[in-house]
Amino acid sequence: MEFYEVLEKRRTYRDYSDREVSDEILKRVIGTAFKAPTNDHLRQLEFIVVRGRENIAKVIEPLAKNMEAFKNLVHEVDESGDKDKMDMFADALPKQQRMLMQSGLLILPFFRQKQSPLLRPVEQSSLNYFASAWCALENMLLAATAEGLGTVFHIPVADEAERIKKIVGAPEDYEFTCLLTMGYPAENAFLPKQKEIDVDERIHTNLW
């Protein structure tokens with residue numbers, strides 16, 4: 001695919017088929033993370049790849065309690081009144097746990113956090129490693145799209161990150177951005193309507 005076609009086709013999928021992603025394709029996708037800009041030039045990224053639903057279930061066990069609470073959120077009143085947004089949440093929230101298991105492939109993208117603790121930054125530049133890690137993840141999302149794969153991720157909340165780090169044996173000075181699933185979308189996969197943005201209205205010249 002051409003680059004801008006990839007951007008157009010990159011979507012969040014929460015419904016996957018049973019078709020397995022090959023190690024070759026997985027390696028290509030993860031390899032693109034090391035092409036992203038990085039704050040210290042060292043690209044200190046590590047990836048834990050979990051295959052098989054039984055193995056994935058062990059890793060995401062800390063999510064179970066919070067997932068139950070998330071399922072109830074869709075019934076809360078949304079102040080924006082945006083139907084497309086509510087349609088997305090109505091589909092997404094009940095699937096939070098299932099979507100991480102359905103493709104049979106889970107990736108934990110880790111990055112070295114050398115400066116102050118991630119959740120207690122001293123200043124904005126303390127988040128440089130975190131920002132670089134998300135640039136790397138964006139490369140992976142686009143590469144997966146170019147390979148015909150769908151992706152979805154869950155950003156850990158509460159104590160999920162620390163508990164998952166213990167389960168997988170991650171070093172103390174490494175953090176992970178999210179739990180990332182990628183796979184071949186199911187034929188009936190739900191895709192919410194994308195918001196159409198007028199770019200001209202979002203560009204401010206010299207002053208806001």
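Hi everyone. Strand E1 (45-51), strand E2 and helix H7 each supply at least two residues of the lining of the second largest cavity, and that is where I'd like to start. Helices (H or I, at least four residues) and strands (E, at least two) are DSSP runs, numbered from the N terminus.

A quick word on the model. It is a predicted one, where local features need pLDDT of at least 70 and side-chain atom pairs count only at pLDDT 80 or more, while totals for chains, interfaces and linings use all residues. Residues are numbered from 1 along each chain as its sequence is written, and side-chain values use heavy atoms, with hydrogens and water left out.

Now, what is a cavity here? On a 1 Å grid over the protein atoms alone, it is a set of points where a 1.4 Å probe fits but cannot get out, and lining residues have an atom within 4 Å of a point. Grid points are joined across faces, edges and corners, and a volume is the space filled by probe spheres set on the points. How many cavities of 30 Å³ or more are there? The count comes to two.

Back to the second largest cavity, with a volume of about 50 Å³. Its lining includes Phe-47, Phe-110, Phe-111 and Met-140. H7 gives the most to this lining, with four residues. By class, ten lining residues are nonpolar, one is polar and none is charged. Here Ala, Val, Leu, Ile, Met, Phe, Trp, Tyr, Cys and Pro count as nonpolar, Asp, Glu, Lys and Arg as charged, and the others, Gly among them, as polar.

The largest cavity holds about 100 Å³ of space. It is lined by 15 residues, and Thr-38, Arg-43, Gln-44, Leu-45 and Ser-132 lie nearest its centre. Which elements each supply at least two residues? They are strand E2 (105-112) and helix H7 (128-146). The largest share, four residues, comes from H7. This lining has eight nonpolar, four polar and three charged residues.

Rings of Phe, Tyr and Trp (its six-membered ring) pair if their centres lie within 6.5 Å; planes under 30 degrees apart count as stacked, over 60 as edge-to-face and the rest as tilted. The whole structure has six aromatic pairs. Phe-130 and Trp-134 have ring centres 6.4 Å apart and planes at 80 degrees, so this pair is edge-to-face. The two residues are four apart in helix H7, so about one helical turn separates them.

Finally, salt bridges: a side-chain nitrogen of Lys or Arg within 4 Å of a carboxyl oxygen of Asp or Glu. The structure holds 13. In one of them, Glu-5 joins Lys-9, with the closest N and O atoms 3.2 Å apart.

Key: 1 Å grid on protein atoms, 1.4 Å probe; cavity = no way out; pocket = protein on both sides within 12 Å on 5 of 7 lines; lining within 4 Å.
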